[in-house]
Amino acid sequence: MIKVLANDGISDLGVEKLKSSGFEVITTKVAQEQLANYINQNNVQALLVRSATEVRKKLIDDCVSLKLIGRGGVGMDNIDVAYAKSKNIHVINTPAASSESVAELVFAHLFSGVRYLHDSNRNMPLEGDSKFKQLKKSYGGGSELRGKTLGVIGFGRIGQATAKIALGVGMEVLFTDNQAEKLNLNLDFYNGKSVQFKLENSKIDEVLKKADFITLHVPAQKDYIIGKEEFSKMKDGVGLINASRGGTVDEVALVDALESGKVSFAGLDVYESEPNPEIKILMHPKISLTPHIGAATNEAQGRIGLELANQIIELLK
């Protein structure tokens, strides 16, 4: 029987699918330093991870039984993909499963930012009974998203899913991407109706200059995509959301831009020094914070588990 170790967990849907196809699924969480031993002792042939477990060259060399490595999610920067493939190990991920969940989180941060929810939710429990009128005045100058321009940097599946919500809210969308040129986006509604939008790729400078809000949807990078120079090109009072990867935004430059008022608020789901974000970021009153939960919805995890299971069955059965 083929053994699958889901070291960072897998949804019940995924487990059921694999078991019904004759696989043994192990959901024990094995510590990184014990992983090679565990895989070898149990003759594990498929290793599934999310972002917590790293699959580097040494682990791949130490585990001769491995035939497949799967990442529940999009980015695979915690796996030495090319090396694994050179050893004839299948490497799979689930690029389509979590797009909507990440896109909705982006808008949770956007709505939170324009109405100061992240800050009012910190201060209402402390001062809501004693300073109600002052707080009402402090948080009374919010703005609407409708009619504003959203700039999307990186227009893969998640960028497109985010753009669809923006269009539904009544925003204009500008995108920049080094792959896509023109794109037809279909907005599908609950009653079977559909509306098509034609969007054209813009240069990054145009997006930076024209957007009221900017959201990043790019893979891990060697260098910052948004730093001091990019902030200087943005509109005064812009809002910035990063639910892609830590290290794509220069956090020192971000704090400076927040302090100067160039950026009115930021929403962060990912951090340069994750899993230990900087205190300056965590304590900043103009930053809406989540702990890297973009894909962490029940629906997305269910789809991820099923997508992994289907690929494993196809490749190893």
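Reader: Why does Asp77 count as partly exposed?

Author: Asp77 has 39% relative accessibility. Buried means under 20% relative accessible area, exposed means over 50%, and partly exposed lies in between (1.4 Å probe, protein chains only). Asp77 at 39% is therefore partly exposed. This is a predicted model, in which local features need pLDDT of at least 70 and side-chain atom pairs count only at pLDDT 80 or more, while totals for chains, interfaces and linings use all residues. Residues are numbered from 1 along each chain as its sequence is written, and side-chain values use heavy atoms, with hydrogens and water left out.

Reader: What makes the contact of Asp77 and Arg245 a salt bridge?

Author: A salt bridge is a side-chain nitrogen of Lys or Arg within 4 Å of a carboxyl oxygen of Asp or Glu. The side chains of Asp77 and Arg245 meet at 3.2 Å, N to O, so the pair qualifies. The structure holds 14 salt bridges.

Reader: Which parts does the pair of Asp77 and Arg245 tie together?

Author: Asp77 lies in the loop between β4 (68–71) and α4 (81–86), and Arg245 in the loop between β11 (238–242) and α11 (251–260), so the pair links parts that are 168 residues apart in sequence. Helices (H or I, at least four residues) and strands (E, at least two) are DSSP runs, numbered from the N terminus.

Reader: Is Arg245 buried or exposed?

Author: Arg245 counts as buried, because its relative accessibility is 13%.

Reader: What makes Glu206 and Lys210 a salt bridge, and where do they sit?

Author: Their side chains meet at 2.9 Å, N to O. Glu206 and Lys210 are 4 residues apart in helix α9 (residues 204–210), so about one helical turn separates them. Glu206 is partly exposed at 30%, and Lys210 is partly exposed at 44%. Elsewhere, salt bridges that share partners join Glu54, Arg56 and Asp80 into one network.

Reader: How do you know that Lys131 and Glu127 form a salt bridge?

Author: The N to O value for the side chains of Lys131 and Glu127 is 3.3 Å, so the pair meets the definition. Lys131 is partly exposed at 35% relative accessibility, and Glu127 is partly exposed with a relative accessible area of 26%.

Reader: What makes the nonpolar surface patch?

Author: Phe189, Tyr190 and Val195 make this patch of about 380 Å². Patches need residues with over 30% relative accessible area and no salt bridge; like charges are joined within 9 Å, and nonpolar side chains (Val, Leu, Ile, Met, Phe, Trp, Tyr) within 5 Å. Accessible areas come from the Shrake-Rupley method with a 1.4 Å probe; for residues, only the protein chains shown count as cover. Val195, found in strand β9 (residues 194–200), has 37% and so passes the area cut-off.
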